[in-house]
Amino acid sequence: MTLYQQCEQLLDELEQVLDACDLLQSEPPSPKRLASTEPFAVDTLDCHEWLQWIFLPKMRALVVARQPLPRNFEIAPYVEEAMKEQQGATAVVKVTYRIDALLSQ
């Protein structure tokens, strides 16, 4: 399985976990909220919103276009901290650690 296939599989899994935890939203945040320039859009979005509306679409676009994937980055520590009080956080964090590991190879 290629790196792109593995990444796509983990992105699908992350979306499924967010859905299973009732964290997926049917309506996107306002364009103003999505336009944040802060890391993880911490000033305008909750972590699960950032994952759904920014991280997943950008990563999927890279995978589909077979563009270089980010390397040696970590989102899991942020997700773990930001979601520590949310139901389903453990499952979301587990997938993000697997994404980090895949892209750190």
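Student: How many disulfides does the count come to by the rule of cysteine sulfur atoms within 2.5 Å?
Tutor: This is a predicted model, where local features need pLDDT of at least 70 and side-chain atom pairs count only at pLDDT 80 or more, while totals for chains, interfaces and linings use all residues. Residues are numbered from 1 along each chain as its sequence is written, and side-chain values use heavy atoms, with hydrogens and water left out. The sulfur of C21 has its closest cysteine sulfur in C47, 12 Å away, too far for a bond. The number of disulfides is therefore zero.

Student: Is C47 buried or exposed?
Tutor: Buried means under 20% relative accessible area, exposed over 50%, and partly exposed in between, with a 1.4 Å probe and protein chains only. C47 has 3% relative accessibility, so C47 counts as buried.

Student: What is the direction of helix 1 relative to helix 3?
Tutor: Helices are DSSP runs of H or I with at least four residues, numbered from the N terminus. Helix 1 (residues 3-20) packs on helix 3 (residues 47-64) at about 160°, with axes 10 Å apart; axes are lines fitted to C-alpha atoms over the stretch in contact, and angles run from 0 to 180 degrees between N-to-C directions. Angles over 145 degrees count as roughly antiparallel, so helix 1 is to helix 3 roughly antiparallel.

Student: How many charged residues has the contact of helix 1 with helix 3?
Tutor: Contact means heavy atoms within 4.5 Å, and Asp, Glu, Lys and Arg count as charged. Residues that meet include E8, D12 and E15 in helix 1 and R60 in helix 3. By class, the charged residues in this contact number four.

Methods. A disulfide is a pair of cysteine sulfur atoms within 2.5 Å. Helices (H or I, at least four residues) and strands (E, at least two) are DSSP runs, numbered from the N terminus. Angles under 35 degrees count as roughly parallel, over 145 as roughly antiparallel, 65 to 115 as roughly perpendicular and the rest as oblique.
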